Amino acid sequence: MRNRRRQSPNAIEGLRLAIDCMPVATREAMLDGIRANERIITGAYVDELGGVCPMLAAHRRGGRTDFLSFAKSWDRFTRARGKSRAATERELSILLAQLQDSLAGASGLELDRAIKEHHQLMGRRLRSRRRVPDEGDPAGEIRARRLRRSRRIDGGDNLAPPPDYRSLSPVSALG
């Protein structure tokens, strides 16, 4: 009986992490694409025999995400090392199981919710910056912020030469 090389747990964990980081719509499209395509490959985007990588299969099914970390983890998991070949049944079954498990655990679209909250906070922040007081002459206290001093030596539009402090020093005059 021949000894089989086993995938390291790190390669499988890396693949799972990359899958979990993808948007839910991309995961669903990838699952559909893998089931629909008869030839899924490793080590390349496409091959001359019509095989496609899982990410292209997802792209063709509507999952319009470019996710380089998935491609790298897929090639690391399959030990492609730059050579294109058809994925084995075992590799495909592991990928399908990881996708299904990831979709089953994605109850609230965590990443999508976080992106939506971020956009809301940024929009609120921009709206508060644009707010201008309604009154032309405010009745309350006027507060001003002190501007930072510029560290530039030339002084902008000032055409006068900078003062020579060495000539004013009594120590330099003694010499």
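## Lining of the second largest pocket

Sorted by class, the residues that line the second largest pocket comprise 10 nonpolar, 2 polar and 2 charged residues. The lining is made up of 14 residues in this predicted model, and those nearest the centre of the pocket are Tyr45, Cys53, Met55, Phe67 and Ala71. The space within the second largest pocket comes to about 170 Å³.

Two helices, H3 (54-60) and H4 (68-78), each contribute at least two residues to the lining of this pocket. Of the elements involved, H4 gives the most, with 5 residues.

## Packing of helices H2 and H5

Helix H2, which spans residues 24-36, packs against helix H5, which spans residues 89-105, at an angle of about 145 degrees, and the two axes lie 10 Å apart. The crossing that H2 and H5 make is left-handed. On the H2 side the contact is formed by Val24, Arg27, Glu28, Met30, Leu31, Ile34 and Arg35, while H5 brings Leu92, Leu95, Leu96, Leu99, Gln100, Ser102 and Leu103. Taken by class, the residues of this contact between H2 and H5 are 9 nonpolar, 2 polar and 3 charged.

## Confidence of the model

Across the chain the mean pLDDT is 78, and 71% of the residues reach 70 or more.

Technical notes: Residues numbered from 1 in each chain as written. Predicted model: local features only at pLDDT ≥ 70, side-chain atom pairs only at ≥ 80, totals over all residues. Heavy atoms only, no water. Axes fitted to C-alpha atoms, helices over the stretch in contact; angles between N-to-C directions. Helix = DSSP H or I, 4+ residues; strand = E, 2+ residues; numbered from the N terminus. Left-handed = near helix turned anticlockwise from the far one by under 90°. Contact = heavy atoms within 4.5 Å. Nonpolar A, V, L, I, M, F, W, Y, C, P; charged D, E, K, R; others polar. 1 Å grid on protein atoms, 1.4 Å probe; cavity = no way out; pocket = protein on both sides within 12 Å on 5 of 7 lines; lining within 4 Å. Points joined across faces, edges and corners; volume = space filled by probe spheres on them. pLDDT = per-residue confidence, 0-100.
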